[in-house]
Amino acid sequence: MSDVLNYLVAARRCEANELENLSRTCDLVLVVNALVHCLQQERGITNIFLASSGQRDGQLRLAHLAASEQTYRALMDWLAVAESDSEFHGGARLYTRIAFALHTLDQVAGMRHRIADLSCNPVDSSECYKQAVSALLALVFEAADVAVEPGISRLLIALFHLMQGKEFAGRERALGAASFAAGRMTAQQIRSIEYFIDMQEQAFARFASFAGDLRAEWAALQSGLPLPELERLRRKLLSAHQRVLDQEQADPWYLCCSARMDELHRVETYLAELLQQQCRDKIAELRRALGDQEQLFAHLRSQDPLSPLMAFHAQIPSSEVLDDADSVAVGHHLSQTVVEMLNSQSERLQKLTEELASVRVNLDERKLIERAKGILMQRQGLDEESAYRLLRKKAMNQNRRIADVAHAVLSLADILPTDTSPQ
């Protein structure tokens, strides 16, 4: 029986260790969230700076750049300490995401020199920042995908969707700021703004579905955001094709969008800190249960007359084991206790597995859609927005979910024609 008890204790210890590794990953998510917010601020003001040929917001851009560099150093310091301490939960997948994110951040550093020299345009600058933020968001997605505790996984998914919605709000801010500062907007840029608005609404709806007890606070926040002013400025942008925009509206647009994004960031930070606290609480709960279990097992071992026989000793005739009827009764009782513990732990782990599977349905659907978009971009020469619009149009025409259409695209990937038109 001692072997059975040892492995039950070892199982609990593994759970606690997995949660501690997940807790470190949640710490990383908090640092990443701060850097994403800084990069989004920097991107928006940089577009005004570039679109005005360096005539507007030069000092404010430098202030945002300094904030981004400070949070980047905080990330690098945190990674250095974490790497020397222990592994992250998620192993190779998460490390790969970190490596790719750091690569894109190196590219941002190079882009900043071109921005200072006014040797790039807002489109190229925005694309560079977009790649960096997307890589950091993918890191958060990976953390949610490998989470081992359903409650924490649910919060990570909620945070990811909130950050994703805010990123589309950031892209809208950056493009609108550049358009106002330049005094003009193309038909393609209008379609991009419409796409960003649509993706925000979808991401925030998914966030709300995972937010649980935060739904009331989210509704209250929405009512306090500067949405009427934002809608007024959006109308100016969306009706701007073939006419001049008021360049003086660049800063009001940026400030209005920024006020909204700052409030969204406040919710992001609260969620990230809540994740940290829930991890700490779960670890403490597991450690207490582990301590109680170890004490109980020590007590059982001290009373077990059959140690180190396994729990199935009850199947052996009592005359072949011992003659003392009282010892047999004690041994049977102990076997029954251990079997109950085995059943209880097995049922608990099965429940956790089922809850995790239910939570991850949303992540699996996103993976399908992203892969289908990638196929369409590669085979049909589409950009990200056009690929998504095509999936959505097909879904609406066929009265199906986008995830189902994405699955169909992937199943036909090998026979889809390849775009051969000159780019």
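Phe168 is buried in this predicted model, its relative accessible area being 4%. Its partner in an aromatic pair is Phe196, whose ring centre lies 6.4 Å from that of Phe168. The two ring planes stand at 35°, so the pair is classed as tilted. Phe196 is likewise a buried residue, with a relative accessible area of 7%. Because Phe168 belongs to helix 5 and Phe196 to helix 6, this pair ties together parts that are 28 residues apart in sequence. The pair also forms part of a cluster, in which ring pairs link Phe168 and Phe196 with Tyr195 and Tyr388. In total, the structure holds eight aromatic pairs.

Helix 5 spans residues 150-182 and helix 6 spans residues 187-211. Their axes are 8 Å apart and meet at an angle of about 160°. As this angle is over 145 degrees, helix 5 is roughly antiparallel to helix 6. The crossing of the two helices is left-handed. Sorted by residue class, the contact of helix 5 with helix 6 comprises 16 nonpolar, eight polar and five charged residues.

Helix 12 passes helix 14 in a left-handed crossing. On the side of helix 12, the contact is formed by Glu365, Leu368, Ile369, Arg371, Ala372, Ile375 and Leu376. The residues of helix 14 that they meet are Ile402, Ala403, Ala406, His407, Val409 and Leu410. By class, this contact of helix 12 with helix 14 contains 10 nonpolar residues, one polar residue and two charged residues.

Ser23 is located in helix 1, which covers residues 2-51. With a relative accessible area of 12%, Ser23 falls under the 20% limit and is therefore buried. Leaving aside residues up to four places away in sequence, Ser23 touches Cys279 and Ile283.

Ala101 is located in helix 3, which covers residues 91-116. Its relative accessibility is 2%, and Ala101 therefore counts as buried. When residues up to four places away in sequence are not counted, Ala101 touches Ala135, Leu136 and Leu139. The C-alpha atoms of Ala101 and Ser134 are separated by 8.4 Å, while the two residues are 33 residues apart along the chain.

How values were computed:
Residues are numbered from 1 along each chain as its sequence is written. This is a predicted model: local features need pLDDT of at least 70, side-chain atom pairs count only at pLDDT 80 or more; totals for chains, interfaces and linings use all residues. Side-chain values use heavy atoms; hydrogens and water are left out. A crossing is left-handed if the near helix is turned anticlockwise from the far one by less than a right angle, and right-handed if clockwise. Helices (H or I, at least four residues) and strands (E, at least two) are DSSP runs, numbered from the N terminus. Contact means heavy atoms within 4.5 Å. Ala, Val, Leu, Ile, Met, Phe, Trp, Tyr, Cys and Pro count as nonpolar, Asp, Glu, Lys and Arg as charged, and the others, Gly among them, as polar. Axes are lines fitted to C-alpha atoms, for helices over the stretch in contact, and angles run from 0 to 180 degrees between N-to-C directions. Angles under 35 degrees count as roughly parallel, over 145 as roughly antiparallel, 65 to 115 as roughly perpendicular and the rest as oblique. Rings of Phe, Tyr and Trp (its six-membered ring) pair if their centres lie within 6.5 Å; planes under 30 degrees apart count as stacked, over 60 as edge-to-face and the rest as tilted. Buried means under 20% relative accessible area, exposed over 50%, partly exposed in between (1.4 Å probe, protein chains only).
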